[in-house]
Amino acid sequence: MARIIFVNGSYLPYADASIHVEDRSLQFADGVYEVCEVRAGHLIDESRHMDRLERSLRELRIAPPMSRKALGRILRETIRRNRVSDGLVYLQISRGIARRDFIFPGPETSPSVICLARRASRKAGDETAQHGISVITIPDIRWQRPDIKSVALLPNVLARQTAIEKGAKEAWLVDKDGFVTEGAASNAWIVDEQDRLITRPADFGILRGVTRGVIIELAKRQGIELVERAFTVEDAKRAREAFLTSATSNVLPIVRIDDAPIGDGKPGRFATELRRLFHTQAEFAD
Ligand code: PDD
């Protein structure tokens, strides 16, 4: 089956899909994106992702190219045309195509929209979660606005690549004071001695993960105590449990940080339970 991409108004086979060389996402990483989970053909947490997308656009002063409803139609159509039942959908909006110049182009330049969808195996994800993953820690060298979901991801790419080269699955980024900010493409959590969930407050220093928000609601519903505070690498290595969250990996237990096994070196019960219950709290769109 030919895969189809949405590019600036057209649904095209991959081989025919292209973006202009002066699209500002190429020269300046001047664009934003969202990644949503697709499960059993349903978009997960669409409204939260759309809220965040609108915020990212506002922060970068990119005019929304169309209504939320119209974007929703593109997401659904891209999922449908690629026959994705379980997987993800990626939406990118850049400031558009204009002669290379640092200043914003004029109002005649309209934003570029790209949407793609691809399958991901639910079984493979569950198997990874059953074993748990290793993470490494690495200095956070990003700019000071990682709360904006921009396509400027080079530090994240380098961090994830280093993790893979060291046999781990994710890198936890560490600020100059020794506190974990978040993962290269996920939010970071630990469970302390008192069985409290700890995660960094979603200020300007991290991305306010949609999965993170759902887990906070779920923890409240389950009567689990939650503390939003920064934690150090040492706190994490001493923790009962550690895990990460993202739209593409849900809740993923962490069993090793650098050279330290976490807890008994097996996926923890909080992470396992929150993963099991995640979709009872998430929003399923039609
Ligand atoms: N990344 N932090 C960063 C830096 C991320 O890139 C992501 C998601 C998250 C988790 O956010 P959410 O729960 O909304 O997915 C946190 C996506 C999955 C990606 O870039 O592919």
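This report describes cavities, pockets, salt bridges, surface features and backbone geometry in a predicted model.

## The enclosed cavity

A search of the whole structure finds one cavity of 30 Å³ or more. The largest cavity holds about 60 Å³ of space. Its lining is made up of Glu37, Ile44, Asp45, His49, Val210, Thr211, Ser246, Ala247, Asn250 and Phe278. Sorted by class, the lining of the largest cavity comprises four nonpolar, four polar and two charged residues.

One of the lining residues of the largest cavity, His49, belongs to helix 2. The relative accessibility of His49 is 3%, and this residue therefore counts as buried, because buried means under 20% relative accessible area. The C-alpha atom of His49 is separated by 7.9 Å from that of Val35, a residue 14 positions away along the chain.

## The second largest pocket

The second largest pocket has a volume of about 290 Å³. A total of 14 residues line this pocket, and those nearest its centre are Arg48, Arg52, Arg55, Arg208 and Gly209. Two or more lining residues come from each of two elements, helix 2 (46-60) and helix 6 (210-221). Helix 2 gives the most to the lining of the second largest pocket, with four residues.

The lining of the second largest pocket contains eight charged residues, together with four nonpolar and two polar ones. Arg48, named above among the residues nearest the centre of the pocket, also takes part in a salt bridge with Glu217, which is described in the next section.

## Salt bridges

The structure holds 29 salt bridges. In one of them, Arg48 pairs with Glu217, and the closest N and O atoms are 2.3 Å apart. Arg48 lies in helix 2 and Glu217 in helix 6, so this pair ties together parts that are 169 residues apart in sequence. Arg48 is partly exposed, with a relative accessible area of 26%. Glu217 also counts as partly exposed, at 35% relative accessibility.

A further salt bridge joins the side chains of Arg68 and Glu54, with an N to O distance of 3.0 Å. Since Arg68 lies in helix 3 and Glu54 in helix 2, the pair ties together parts that are 14 residues apart in sequence. The relative accessible area of Arg68 is 30%, so Arg68 is partly exposed. Glu54 is likewise partly exposed, with a relative accessible area of 29%. Arg142 forms a salt bridge with Asp140, the closest N and O atoms lying 2.9 Å apart. Arg142 has a relative accessibility of 15% and so counts as buried.

## A nonpolar patch on the surface

Four residues, Ile141, Leu154, Val157 and Leu158, form a nonpolar patch on the surface. Together, they have about 420 Å² of accessible area.

Ile141 is located in the loop between strand 7 (133-139) and helix 5 (154-165). With a relative accessible area of 60%, Ile141 is exposed, because exposed means over 50%.

## Positive phi angles in two loops

Arg83 has a positive phi of about 50° although it is not a glycine. This residue is found in the loop between helix 3 (68-81) and strand 5 (87-94). The relative accessibility of Arg83 is 57%, so Arg83 counts as exposed.

Asp258, a residue other than glycine, also has a positive phi, with a value near 50°. The place of Asp258 is in the loop between strand 14 (250-257) and strand 15 (260-261). Asp258 is partly exposed, at a relative accessible area of 23%.

How values were computed:
Residues are numbered from 1 along each chain as its sequence is written. This is a predicted model: local features need pLDDT of at least 70, side-chain atom pairs count only at pLDDT 80 or more; totals for chains, interfaces and linings use all residues. Side-chain values use heavy atoms; hydrogens and water are left out. Patches are made of residues with over 30% relative accessible area and no salt bridge: like charges are joined within 9 Å, nonpolar side chains (Val, Leu, Ile, Met, Phe, Trp, Tyr) within 5 Å. Accessible areas come from the Shrake-Rupley method with a 1.4 Å probe; for residues, only the protein chains shown count as cover. Buried means under 20% relative accessible area, exposed over 50%, partly exposed in between (1.4 Å probe, protein chains only). On a 1 Å grid over the protein atoms alone, a cavity is a set of points where a 1.4 Å probe fits but cannot get out, and a pocket is an open set with protein on both sides within 12 Å along at least five of seven lines; lining residues have an atom within 4 Å of a point. Grid points are joined across faces, edges and corners, and a volume is the space filled by probe spheres set on the points. Ala, Val, Leu, Ile, Met, Phe, Trp, Tyr, Cys and Pro count as nonpolar, Asp, Glu, Lys and Arg as charged, and the others, Gly among them, as polar.
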